[in-house]
Amino acid sequence: MAQRTTTGAEAMDRSLLLREIEQFLYWEALLLDERRLTEWLDLLAEDIHYWMPIRRNIKFGDWDLEYSDPESEISYFDEGKDILTGRVKQINTGVHWAEEPVSRFEHIVSNVLLLEVNGDEVKVSSKFFCYQNRLQDEVNLFVGRRYDTLRRDPDTVFKVAKREIILDQNVLLPKVVNTFF
Amino acid sequence: MANLITARGDRSLRSLIDTDGGTVSRELYVNEDIFEQEQEQIFDRCWLFLGHESQVPNPGDFIVTRMGTEEVLVVRGRKDNQIRAFLNSCAHRGMKVCRYDQGNSLVFTCPFHAWTYDCNGALVGAAYQYAPYAYDGGIDREQWGLTPVAQFKNYYGSLWATWDPKAPSFEDYVGPFAEGIRYDCEASDGEDAGIEVFRPFQKWRLPTNWKVPAFSSSTDLTHAAMTHRSVNAASIGPDRGTMSGGERHKRRAPFPADRYAVGDHNLGHGGNWTVYQQPGVPEYVDTWYEAGVDEYFREARDRKAEKYSGRILPPHGHEGGHFCVFPNFIMDSWRWRWWHPHTVGVVERWSLFGVDREAPKHVKDAVRHYVMRYNGPTGATESDDMENWNYVYAASQGARARKRNYFFANGLGRGIESDQYPGVVFNGSHTEEAHRARFSRWLAFMEASSWDDLYPVNRAKSHRIW
C-alpha cells in the first residue's frame with residue numbers, strides 16, 4: 001500500500017520516484033502505439049515473466065479459482081522475453097495477417113500507484129485502457145490493471161522484471177490479441 | 001432466397017451445392033434461416049463434445065460448457081461419482097441455474113425462485129413448495145428436474161452428449177473414427193485414458209459463420225504455407241527453432257506408412273488416415289527445448305513400443321494426423337478445438353489441451369507453454385487463421401458475393417471407395433475430400449425428418465452427394 005511519509009524530504013523523494021515510474025510507463029505505452037516494438041523490447045528485463053491469466057466466473061469466496069494458475073493452467077500470456085521477442089519479430093515480418101494491416105492502438109495508462117520499494121526494485125500497480133481500431137471498423141477495448149515489478153537500469157531508467165496483466169474479460173471478445181500491455 | 005429454404009426437407013437446399021462442379025453456395029454460410037434450421041436439424045441431434053473428465057475430478061465438481069448455442073452444466077454425482085450433463089436452464093422459468101464456470105457444489109439453486117437441484121439434476125426444493133397458500137406441496141419433483149441430455153458418453157475420458165434419444169450410440173456415431181479419439185486420449189506411453197487436460201477452457205469470439213472454421217480447417221494443408229507465413233519468425237515450436245511444420249515433419253524417424261486423407265460422407269467425419277505397414281512405434285526424435293522433457297518422452301515411447309510390439313498403430317490421432325468429428329469438433333493429437341455457433345455471423349471458439357496425467361511438472365510445463373504460444377487468440381499460429389475466417393464472412397454477404405459459390409473441388413473425382421478405409425480415400429493429404437464429406441452429411445441432416453432417415457440408424461442410407 002502507499003505509505004504515509006513523515007518528512008518533507010522523504011515525501012519529495014517519493015514523488016520524484018513516482019514521477020520517474022509514471023514517465024517510464026507512459027514512454028512504454030508511446031513506443032507500443034508508435035509501433036516501435038523492438039525499442040519496447042529493450043524495456044523488458046531478460047528474466048521477465050509476462051503473464052495474463054484467463055479469468056473465470058466463480059462463486060463468491062472461491063477467489064483462488066478466479067485467475068488461471070500460472071503454475072498449472074492455461075493463460076493468455078505466460079512467457080518470457082524470448083517468446084515476446086518472437087511475437088515482435090512475427091509482427092515485423094509484414095505478413096502476420098492478424099496484424100497486417102497494422103492496427104491503430106492507444107494505450108492509456110493511469111492510476112499509477114507505488115506499492116513497495118525493495119532496493120533497486122519497485123512494485124507498481126496501474127490501470128490500462130487500450131483502444132484498438134483496425135481496418136475499416138474493427139474496434140476492440142482491452143481494459144484492466146497491471147502489477148509490475150520494475151528494476152532500476154542505467155540505460156532505460158527501469159526494466160520491467162515482472163508483469164501481471166488482469167484483463168476484465170471472461171470469454172475473450174476480440175478475435176485475437178495482437179498488442180502488448 | 002430465404003423463402004426457398006424455410007421448409008424443412010425442402011429439396012432446394014440441395015440446389016445450393018453443385019456436386020458436379022464441386023462448389024457450395026455462400027448462402028449456406030450467411031443465410032439466417034439456414035442457421036436457424038441448423039440448430040434444430042444438426043445441433044439438437046448430433047453427438048457434441050462437452051469436455052474432459054479431469055475437469056470434474058471430485059464428487060460435486062462442476063463445469064459449465066456448451067452444446068452449440070446452449071449452456072450445459074456438467075457435474076459429477078456426489079453419491080455415485082457418475083458424470084451427468086443438463087441444460088443450464090431452470091425447469092421453472094428458464095433462468096440459468098449455474099452462472100459459474102467451475103466449482104464444487106452440493107446443490108444448484110436458481111437465483112429467481114430458489115428452485116433447487118441436486119448433482120443428479122433432481123428437483124429437491126423450491127421456495128414456498130409446502131406453503132398452503134402457495135404450491136402446497138404441489139410440485140411434481142419427478143417431472144420438474146433439470147433437462148438432462150438424452151445420451152451421455154464418457155469415452156476414455158472425453159465427454160460427449162446428444163439431446164436426441166433416437167441418435168445412435170456414440171460408438172456408432174463416430175464409427176471408424178472412434179479409434180482415433182481413443183488414441184488421442186492415450187498417454188504417450190500408450191496407457192488408455194492416460195491424459196488430463198489443462199484447465200480452463202480457452203474461449204473467444206469470432207465474427208464468422210461456424211462452418212467456416214468447423215468444415216474447412218481440418219485437413220486443409222493448402223492453407224498453411226500462406227496463412228502461417230509469419231509464424232516461423234516467432235520461433236514458437238517445441239524446440240524454439242525456426243523450422244516450419246513441414247520441415248519438422250520431415251525430421252520424423254522413418255517408419256513405413258502410407259498417408260491418406262479420408263472423407264466419410266455417411267458420417268461426415270474425415271481427416272488424415274495413416275496406414276502403418278508394420279507393428280510397433282517410430283523411434284523418438286528429440287523435440288523439446290526445455291531440459292529433461294525429451295528424456296521423459298523417450299522413456300514413455302519405449303513403454304509404448306512394448307504395448308504395440310505386435311500391434312499396428314491406429315490410423316489417425318497423435319502422429320497419424322488430425323481429424324474432424326461432425327459437426328464442429330477437431331481433434332489434433334492433444335489439441336482439441338471446437339466451434340459453438342452463437343448467431344449466423346458469430347462463433348465462439350473453445351479449446352482444450354491434453355497432457356500425460358502422470359507426467360512430472362517440468363514436462364507438463366513445457367507442453368503447456370507450447371500450446372499457449374501456438375493456440376488461441378494469443379497464439380502465434382492460430383491468430384492468423386482468425387483473420388481469414390473473420391473476413392471470409394465479411395466479404396461473402398453482399399448480393400453479388402452470394403452469387404459466387406465457394407470452391408471445394410480440390411481432389412473431386414480423384415478419390416476412391418474401398419473396403420479398407422471409411423468413406424472416400426485420397427492418396428495424399430492435399431485434398432478437400434473431408435470437407436466435401438461434411439457437406440454430404442450436412443445436407444442429410446438438413447433434409448432428414450429424424451434419425452430414421454440418417455446413417456447409421458438407417459444403414460440403407462447413403463449420404464454421399466459427390
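Among contacts in chain A between residues at least 6 apart in sequence, what percentage join residues at least 24 apart?

A: The share is 57%, counted among the contacts in chain A whose residues are at least 6 apart in sequence. The model is a predicted one, and the values here are computed from it.

Chain A is the part to begin with. Three helices and six strands make up its list of elements. Read from the N terminus, their order is α-α-β-β-α-β-β-β-β. The radius of gyration of chain A is 17 Å, close to the 16 Å that the globule rule gives for 181 residues, so chain A is as compact as a globular protein of that length. Its C-alpha trace spans about 55 × 45 × 30 Å along the principal axes. Of the 181 residues in chain A, 33% are buried.

Helix α3 of chain A covers residues 81-91, and its buried residues are Leu84(A), Gly86(A), Arg87(A), Lys89(A), Gln90(A) and Ile91(A). The cover over these buried residues includes α2 (37-41), β1 (44-53) and β2 (75-79) of chain A. The peptide bond from Glu100(A) to Pro101(A) is cis, with omega near 5 degrees. Most peptide bonds are trans.

In total, 34 residues of chain A are in contact with 38 residues of chain B. On the chain A side, the elements that give two or more residues are β2 and α3 of chain A. Helix α3(A) supplies the largest share of that side, six residues. Sorted by class, the side of chain A that touches chain B has 16 nonpolar, eight polar and 10 charged residues.

Contact between them involves 13 residues of domain 1 of chain B and 12 residues of domain 2 of chain B. On the domain 1 side, α2 (32-43), β13 (195-206) and β18 (335-343) of chain B each supply at least two residues. By class, that side of domain 1 of chain B has eight nonpolar, three polar and two charged residues.

Strands of chain B come next. An open sheet of three strands in chain B has the order β1-β2-β20, with antiparallel pairing. Its edge strands are β1 (17-18) and β20 (406-407) of chain B, each of which pairs on one side only. Strand β2 (residues 23-24) of chain B is joined to β20(B) by two bridges, and these strands run antiparallel. Thr23(B) has Phe407(B) as its bridge partner in β20(B). Strands of a sheet pair through backbone hydrogen bonds, either parallel or antiparallel.

Another antiparallel pair in chain B is that of β11(B) and β12(B), with five bridges. Phe152(B) has its bridge partner, Ala161(B), in β12(B). The hairpin of β11(B) and β12(B) has two residues between the strands, and Tyr156(B) of this hairpin takes a positive phi near 50 degrees. Tyr156(B) lies in the loop between β11 (151-155) and β12 (158-162) of chain B. Because 18 other C-beta atoms lie within 10 Å of Tyr156(B), this residue is partly exposed.

A second residue of chain B has a backbone angle of this kind. Ser235(B), which is not a glycine, has a positive phi near 50 degrees. The place of Ser235(B) is the loop between α6 (224-227) and α7 (245-250) of chain B. With 21 C-beta neighbours inside 10 Å, Ser235(B) counts as buried, because the cut-off for a buried residue is 20 or more. Most residues other than glycine have a negative phi.

Chain B also holds a cis bond. The peptide bond from Tyr455(B) to Pro456(B) is cis, with omega near 0 degrees. Pro456(B) belongs to the segment after α11 (433-447) of chain B.

How values were computed
Residues numbered from 1 in each chain as written. Chains lettered and ligands numbered in written order. Predicted model: local features only at pLDDT ≥ 70, side-chain atom pairs only at ≥ 80, totals over all residues. Contact = placed C-beta atoms within 7 Å. Helix = DSSP H or I, 4+ residues; strand = E, 2+ residues; numbered from the N terminus. Nonpolar A, V, L, I, M, F, W, Y, C, P; charged D, E, K, R; others polar. Buried ≥ 20, exposed ≤ 12 C-beta atoms within 10 Å, placed from the backbone. Pairing = 2+ DSSP bridges. Rg over C-alpha atoms; globule rule 2.2 N^0.38 Å.
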